[in-house]
Amino acid sequence: MDAGLLAIGAGLAVGLAAIGTGLAQGKIGAAGAGAVAEKPELVGTMIVLLAIPETMIILGFAVAAIILFVK
Amino acid sequence: MLVKMTKIQIIGTRDVVDQTVKALHRAGVVQIEEKLPSVDPLALDDVAARQRDEMTLLVARLEALLALLPKRPPPGDMAARYDAEASRSTGDVLAETKNALAQLDAPAQNLARRRDELQADQVTLPRYATTMRQLMPLAADLEPLQHYETVALLVERKFAAVLEMFREELPGITNNQFEFVSRDIDKDTTAAIIVFSREHSAAVHNLIGRESISQVRLPEELTNVPFQEALKTIETRLASIPKELEKLNRELDALANEWHARLSVWGAVLRDRLQELEVRGRFGATAYTFVVGGWMPRQRVPELRALLAREVGDQILLEEVPVTEHDLEHAPVVMSNPGPAKPFEYLVRMMALPRYGTIDPTPIMAIFLPIFFGMILGDVGYGVIVLLGALYLARKAKPGGFRSLLIVILYCSIWSIAFGFLYGEFFGELGEKLFHMHPYFPRGQSVVALFIFSLAFGVVQISLGFALGIYQAAKLHQRHELLDRVAKVIALIGVFGLVAVSANYLPKELTTPSIGIVIVGTVLLMYTLGWIGILLGPIEILTTLGNILSYLRLAAIGLSSVYLALVANELAGVLGGGIVGIIVGALFHALNIALGILSPTIQSLRLHYVEFFGKFYEGGGTDFAPFKRENIM
């Protein structure tokens, strides 16, 4: 396939996944910061919750890499 | 590892209560539980109750006094001093403490108060002095008059119209008995001084108050003194403060030198005695015997038994009580891991303390976490910098959470260096360019291989997690969890089979059996979850697969760090490689190192907390809080 289209596809895979992750992390981060301010012992749980949406962008990255590198 | 705990019960005759409490306190290995509601409490006699009240008060006063005195490190012979004081009778220590407090309280409070006042003056007086110096040119024109009051005002230039208004209104208010001068003292302030007869004081202040203008207020004792004199007084006082402060501090130091150690020892002894009295509230009693129960590490039972026999004698009986599963759920938790794995306990605690009877993941985390970190960062140069930084900080840090974290980072950096050699990275590709480092596994070029490598870690750790989960569920007789995990493992085996077939590791004929295994697993999971399982079963299987795919982050985050390092070097190259280039490159590398500590730590932690712990971990344990002497060192 056209190399340009492949590159656009890879870009979309990373970019759209990043938007999703960003939206989710923004909300979680705001709520988490509030929770940790009141109960500092929740910091572990907070990190976990904050890191959960990151799977999306990482899978997006994996898809992009497969588009670009796997022939 | 979680230490094996056992529930014990101690029964003895009432005449040995004192010795028993002391022995238990010294041993410091038993967490004393509330007595059973069906047993009568062991009441304190009047003397002891009075002593307890007196001690509570004295300890509070003593701590307040210690807070006033400058801090002193505990002397080397603290333990000996403690023993000497602890061997005396409570009454004697109480009396001596009370005497000392009576003698010290007033002078120490006095000194501290005067010190605080002087320090406050040191901050506020210069502010007065500045303002007064500004007003000086105005004040010089005014004769100090008796029966007259002087008010100084500072007005922002843009509000200067107010002053005109004053000039118009003052004659009416004061019957023309006033003097009003104003002058611009700097580019945005105008100063004014009003002198007026005391009988109109209220009216003038009313006027000033109405316009809410900031009046220059002097310390009370200076309000009725002429300006020049007041300024002079302030200046002399300011000059004398450092010397006075030094003198006060010397006196406080002298007090601390003489008393701090003694007071701390008394405080420790009294707090311990107080604990010994208060713990009796948890003892049960009959007419002639007492009974107390608690949790302790099973291993230390013989030791405690021997201690009780030696210090109390044979009028006491220590026995292990059979426990129900319900009891065990509430057993206190002590984590005990070999030295190198110990710092990782802090990370497990950050999630939650494991419940008693479940698996403590600390040792496994100690193995995997540094490897994951190393795999992500994977750079000899970064690794060495992180290693040195962590070493330096860990040597300075006090024992505690932060230090544990530094030691964890230390292990992580060693793996980073190891992976750095494997990837052939030294500040990115700089090593290859500068000293022809040979990459055994260039991760920038073999992305797919790196992905498979990461997924392999996922398969290993998730399988391990399931194995632990199944073992734990079987041990704790959790039928539901057991079935759930077995079902997921079966489905996973099927998926692995399919992957192996599609990668030509297994013959094509195994496709159908693999699909069959996936279906068996899924159906079993649906059955375990009940009706909702028809919907949730397949989703849960997909989530489990997602958990394995999540390990792709080991590759992905690592690659982003490679590219950042590449950018740093390229940018330095583009800028000509001169001094500017090196500085810019170094800045980028510094940023990459900062990210390179933070994000691999969080990502590896997350892989443990979410993906790995999710398969078996049960938090909600309570910390073991033994009845023991205060650590005074």
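Figure 1. Because the model is predicted, local features need pLDDT of at least 70 and side-chain atom pairs count only at pLDDT 80 or more, whereas totals for chains, interfaces and linings use all residues.

**Figure 2. The overall build of chain B.** Chain B holds 20 helices and eleven strands; here helices (H or I, at least four residues) and strands (E, at least two) are DSSP runs, numbered from the N terminus. With a radius of gyration of 38 Å, well over the 26 Å that the globule rule gives for 633 residues, chain B is more spread out than a compact globule. That radius is taken over C-alpha atoms, and the globule rule is 2.2 Å times the number of residues to the power 0.38. The C-alpha trace of chain B spans about 115 × 90 × 55 Å along its principal axes. Of the 633 residues in chain B, 31% are buried, a residue being buried if 20 or more other C-beta atoms lie within 10 Å of its own, exposed if 12 or fewer, and partly exposed in between, with C-beta atoms placed from the backbone.

**Figure 3. Where chain B meets chain A.** On the chain B side, 16 residues are in contact with 15 residues of chain A; contact asks for C-beta atoms, placed from the backbone, to lie within 7 Å. The elements of chain B that give two or more residues to this side are α10 (343-351), α15 (447-475), α18 (533-549), α19 (553-574) and α20 (579-612). The largest share, five residues, comes from α20(B). By type, the residues on the chain B side divide into twelve nonpolar, two polar and two charged. In this count Ala, Val, Leu, Ile, Met, Phe, Trp, Tyr, Cys and Pro are nonpolar, Asp, Glu, Lys and Arg are charged, and the others, Gly among them, are polar.

**Figure 4. Strand β8 of chain B and its partners.** Strand β8 (residues 289-297) of chain B is largely enclosed by the rest of the structure, because seven of its nine residues are buried. Strands count as paired if DSSP finds at least two bridges between them. Strand β1 (residues 5-13) of chain B runs antiparallel to β8(B) over nine bridges, and here Ile8(B) stands opposite Gly294(B). Strand β2 (residues 31-32) of chain B also pairs with β8(B) in the antiparallel sense, over two bridges; Gln31(B) has Trp295(B) as its bridge partner. Strand β7 (residues 284-285) of chain B joins β8(B) through two antiparallel bridges, with Ala285(B) partnered by Phe290(B). Three residues lie between β7(B) and β8(B) in the hairpin that they form.

**Figure 5. Two loop residues of chain B with positive phi.** Most residues other than glycine have a negative phi, so here are two to look up. His477(B), in the loop between α15 and α16 (479-502) of chain B, has a positive phi near 55°. His477(B) counts as exposed, with 9 C-beta neighbours inside 10 Å. Asn504(B) belongs to the loop between α16 and α17 (511-529) of chain B, and its phi is positive at about 65°. Asn504(B) is exposed too, with 8 other C-beta atoms within 10 Å.

**Figure 6. Confidence, and a look at helix α11 of chain B.** The average pLDDT of chain B is 84, and 95% of the residues score at least 70; pLDDT is the predictor's confidence in each residue, from 0 to 100. Among the elements of chain B, helix α11 (residues 362-377) has the highest mean pLDDT (93) and strand β4 (residues 148-156) the lowest (75). Phe368(B) sits in helix α11 of chain B and is partly exposed, with 19 C-beta neighbours inside 10 Å. For the model, ipTM is 0.81 and pTM is 0.74.

**Figure 7. Chain A.** Three helices and zero strands make up the secondary structure of chain A. The C-alpha trace of chain A spans about 55 × 15 × 10 Å along its principal axes.

How values were computed. Residues numbered from 1 in each chain as written. Chains lettered and ligands numbered in written order. Contact = placed C-beta atoms within 7 Å.
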